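Hi,

Here is the structure I said I would pass on, with my notes on what turned up in it. Have a look at it first, then read on.

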Amino acid sequence: MNFNDLAIFVDIYETGSLNQSAIHLGYAQSNLTARLKKLELDMATRLFIRGIMA
């Protein structure tokens, strides 16, 4: 885990969207998804419940 991963987590939380965070942080969405998965593995817990919101 590194500080940048925590900043990504906070931005995803604040925007409520991986896509919006990717735009805001200047990363590809796939990169954020990979970093989030790595953070979840490091912490041994799911940080967000993913799904489609209607």
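Let me start with D42, which is partly exposed with a relative accessible area of 35% (between the limits for buried, under 20%, and exposed, over 50%, using a 1.4 Å probe and protein chains only). One thing to keep in mind throughout: this is a predicted model, in which local features need pLDDT of at least 70, side-chain atom pairs count only at pLDDT 80 or more, and totals for chains, interfaces and linings use all residues. Residues are numbered from 1 along each chain as its sequence is written, and side-chain values use heavy atoms, with hydrogens and water left out.

Salt bridges

D42 forms a salt bridge with K38, and the closest N and O atoms are 2.8 Å apart (the criterion is a side-chain nitrogen of Lys or Arg within 4 Å of a carboxyl oxygen of Asp or Glu). The two residues are four apart in helix α3, so about one helical turn separates them. (Helices are DSSP runs of H or I with at least four residues, strands are runs of E with at least two, and both are numbered from the N terminus.) K38 is partly exposed too, at 36% relative accessibility.

How many salt bridges does the structure hold? Two, and the other one joins the side chains of D5 and R35, at 2.7 Å from N to O. Here D5 sits in helix α1 and R35 in helix α3, so this pair ties together parts that are 30 residues apart in sequence. D5 is buried, with a relative accessible area of 2%, while R35 counts as partly exposed at 27%.

The core

The largest nonpolar core has seven residues: I8, I12, L18, A22, L32, L36 and F48.

If you click on A22, look for Y27, A28, Q29 and L32, which are its contacts once neighbours within four places in sequence are set aside (contact means heavy atoms within 4.5 Å). S21 is also in helix α2, and S21 is buried, with a relative accessible area of 0%. Leaving out neighbours within four places again, S21 is in contact with D11, I12, T15, G26 and L32.

The aromatic pair

Searching the whole structure gives one aromatic pair. The rings belong to F9 and F48, with centres 5.2 Å apart and planes at 35°, so the pair is tilted. (Rings of Phe, Tyr and Trp, the last by its six-membered ring, pair if their centres lie within 6.5 Å; planes under 30 degrees apart are stacked, over 60 edge-to-face, and the rest tilted.) F9 is in helix α1 and F48 in the segment after α3, so the pair ties together parts that are 39 residues apart in sequence. Of the two, F9 is partly exposed at 24% relative accessible area, and F48 is buried at 18%.

L39 and L47

Which residues does L39 touch beyond those up to four places away in sequence? They are M1, D5, L6, F9 and L47. L39 is in helix α3 and is buried, with a relative accessible area of 1%. Its C-alpha atom is separated from that of H24, 15 residues away along the chain, by 19 Å.

L47 is in the segment after α3 and counts as partly exposed, at 24% relative accessibility. With residues up to four places away not counted, L47 touches F9, L36, L39 and E40.

On the surface

M1, F3, L6 and M43 make a nonpolar surface patch of about 460 Å². L6 lies in helix α1 and is partly exposed, with a relative accessible area of 34%.

Last, have a look at A44 in the segment after α3. Its phi is near 55°, a positive value in a residue other than glycine. A44 is exposed, with a relative accessible area of 73%.

Cheers

Definitions and conventions
Core = buried A, V, L, I, M, F, W, Y, C linked by side-chain atoms within 4.5 Å. Patch = residues over 30% accessible without salt bridge, like charges linked within 9 Å, V, L, I, M, F, W, Y side chains within 5 Å. Areas by Shrake-Rupley, 256 points an atom, 1.4 Å probe, with all protein chains shown as cover.
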